[in-house]
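Please walk me through this structure, step by step.

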Amino acid sequence: MKFYNRIDEITLLQRTKEQAYNEHSKFTVLTGRRRVGKTSLILRALENETVIYLFVSRKNEADLCSGYTKEIEKQLGIFVPAMDKFSDIFRFLLEQGTKTKFSLVIDEFQEFININESIYSDIQNYWDRYRTKTYINFVVSGSIYSLMTKIFQDKREPLFGRADAMLKITPFTTTVLKEILQDYHPGYTNDELLALYTFTGGIPKYIELLVDNKVLTIPKMIRYICQRESPFIDEGRNLLIQEFGKKYGSYFSILDAISSGKNTQAEIEAFMGEKSIGGQLHKLETVYEVIKKQRPIFAKEGTQTVRYEVTDNFLRFWFRYIERNRSLIEIGNFEGLSKIMLDDYPTYSGKTLELYFKQKMQESFAYRAIGSWWEPKGNQNEIDIVGVYLDDKNAVAVEVKRQKKNFKPQLFEEKVKILKTKELNKHTVESFCWDLADM
């Protein structure tokens, strides 16, 4: 699959590189979940440049350094003495940076924690000493978001405040998904667009797997995902164990509950056998950022009317179908897994269609507020999407259906009247039903 999008990110990386080469060294940090395309982005932005690319794998420090010296020799064309400490290599590179302009890229930077945590203090020490005397474009990236945030945003950490720029790389936009399908599956249906969004969450690597294997119809996507060798089968587990470590069990159960539609704390605790989970919910939201609280739009921050939602669309899908049907996978019944997914897809994708439209609205930059609305008490009327335009005078209320034939206009208008009375009495509100045709 060809390289798509990331125009703003490439522009920033290239501008920072020019500043590093013409003024003094700059330090850029990229974060983003695994498979989102951080490495491809960096190398694309720096193609045709001198790039020293160092990947931090879980080896001992001396083994890592042995490989690093060979890479430095290759890229700079100089003799590099044997070194078995990264601090010595970093100082050596900074000394080279006083007379040579180059980019230094360290991938999976957070893994130094598992090798020698003092490396961060050494980097801080030498960076502070050499930064203004050198011309290095220093870029680091990491896939474990909680650790990368701790390294660079915790005031107690040595590298706090050292980054000149921090970029969080996000999944592809809805516009890019359409562009990919147009290139590789012209004549695609909107249901196929929704399926691509549902099964991949817009993550470039997952899309690339489907594109390269030429499986872009719904049955073909599902058959590819539901096979013994499928990279999707263990992806969610690997992703989260990497993030959570040994304490992943409770977090898995919480995410499983939310993905199955139990989205209040009481419902999740009942799902887990009345176990108290307040602390875990807080960490999942604030430290790992894999769930978020949903309140009715216009509700105050402290309101107790809260629903939890998994923020990563791929993980929602993975828990719904892969993790929940682990017993089928264990006995090799991938045909059964495929049938469950295919039969349930029309139901499950209805919720994903709502998320798609919310994302599309966000990408339009036309709204000051976007959310769902529901009454916490009484009739508990609910509206799928409410958006308030930037002028704060006009708004939209939307019911989302896969097919308009299931829409009940009169019932919806009664809900909109209540919304106008309670929340939008000073706004002009247009009401719509959006379905697959509106994607």
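In what order do the 4 strands of the open sheet run? The order is β8-β9-β10-β11, and the pairing is mixed. Keep in mind that this is a predicted model. The edges of the sheet are β8 and β11, the latter spanning 428-434, and each of them pairs on one side only. Neighbouring strands here are turned by 20° against each other on average, with direction ignored.

Now take the pairings in turn. Strand β8 covers residues 367-374 and pairs with β9 in the antiparallel sense, over 6 bridges. Within β9, I383 stands opposite W373. On to β10, residues 394-400. It runs antiparallel to β9, and 4 bridges join the two. Here V388 faces its opposite number, A395 in β10. The hairpin of β9 and β10 has 4 residues between the strands. In that hairpin, D392 takes a positive phi near 60°. The pairing of β10 with β11 is parallel, over 7 bridges. N394 stands opposite T428 in β11.

Stay with β9 for a moment. This strand is mostly covered, with 6 of its 8 residues buried. Is G387 buried or exposed? Its relative accessibility is 0%, so G387 counts as buried. Set aside its neighbours within four places in sequence, and G387 is in contact with M361, Y367, A369, I370, N394, A395 and V396. S372 is 15 residues away from G387 in sequence, and their C-alpha atoms are 8.6 Å apart in space.

Helix α17 lies across β8, β9, β10 and β11, and runs at about 160° to β8. The axes of α8, residues 190-200, and α17, residues 334-364, come within 9 Å and cross at roughly 85°. From α8, the contact is made by D191, L193, L194, A195, Y197, T198 and F199. From α17, the partners are M341, Y345, Y348, S349, T352, L353, L355, Y356 and Q359. Sorted by class, the contact of α8 with α17 has 11 nonpolar, 4 polar and 1 charged residues.

From α8, move to α9, residues 204-212. Which residues of helix α9 are buried? They are P204, Y206, I207, L209, L210 and V211. These buried residues pack against α8, and also against α7 (174-184), α10 (218-225), α11 (235-244) and α15 (313-323). Just after α9 comes K214, with a positive phi of about 55°.

With 8 of its 11 residues buried, α4 is largely enclosed by the rest of the structure. The buried residues are F86, S87, I89, F90, F92, L93, L94 and Q96. What covers them? The cover includes β2 (51-55), α3 (61-76), β3 (102-107), α5 (119-130) and β4 (136-142).

Aromatic rings come next. Across the model, the count comes to 34 aromatic pairs. One of them is formed by F86 and F90, which are stacked at 6.1 Å centre to centre, with 25° between the planes. Why do these two sit about one helical turn apart? They are 4 residues apart in α4, residues 86-96, which means a separation of about one helical turn. F86 counts as buried at 2% relative accessibility. F90 is buried too, with a relative accessible area of 1%. Both belong to a cluster linked by ring pairs, made up of F27, Y68, F86, F90, F109, F112, Y120, W127, F138 and F152.

The last stop is T31, in strand β1, residues 26-31. T31 has a relative accessible area of 6%, so it is buried. Leaving aside its neighbours within four places in sequence, T31 is in contact with K38, G142, Y145, M148, L167, K168 and I169.

Notes. Residues are numbered from 1 along each chain as its sequence is written. This is a predicted model: local features need pLDDT of at least 70, side-chain atom pairs count only at pLDDT 80 or more; totals for chains, interfaces and linings use all residues. Side-chain values use heavy atoms; hydrogens and water are left out. Buried means under 20% relative accessible area, exposed over 50%, partly exposed in between (1.4 Å probe, protein chains only). Contact means heavy atoms within 4.5 Å. Axes are lines fitted to C-alpha atoms, for helices over the stretch in contact, and angles run from 0 to 180 degrees between N-to-C directions. Ala, Val, Leu, Ile, Met, Phe, Trp, Tyr, Cys and Pro count as nonpolar, Asp, Glu, Lys and Arg as charged, and the others, Gly among them, as polar. Two strands pair if DSSP finds at least two bridges between them. Rings of Phe, Tyr and Trp (its six-membered ring) pair if their centres lie within 6.5 Å; planes under 30 degrees apart count as stacked, over 60 as edge-to-face and the rest as tilted.
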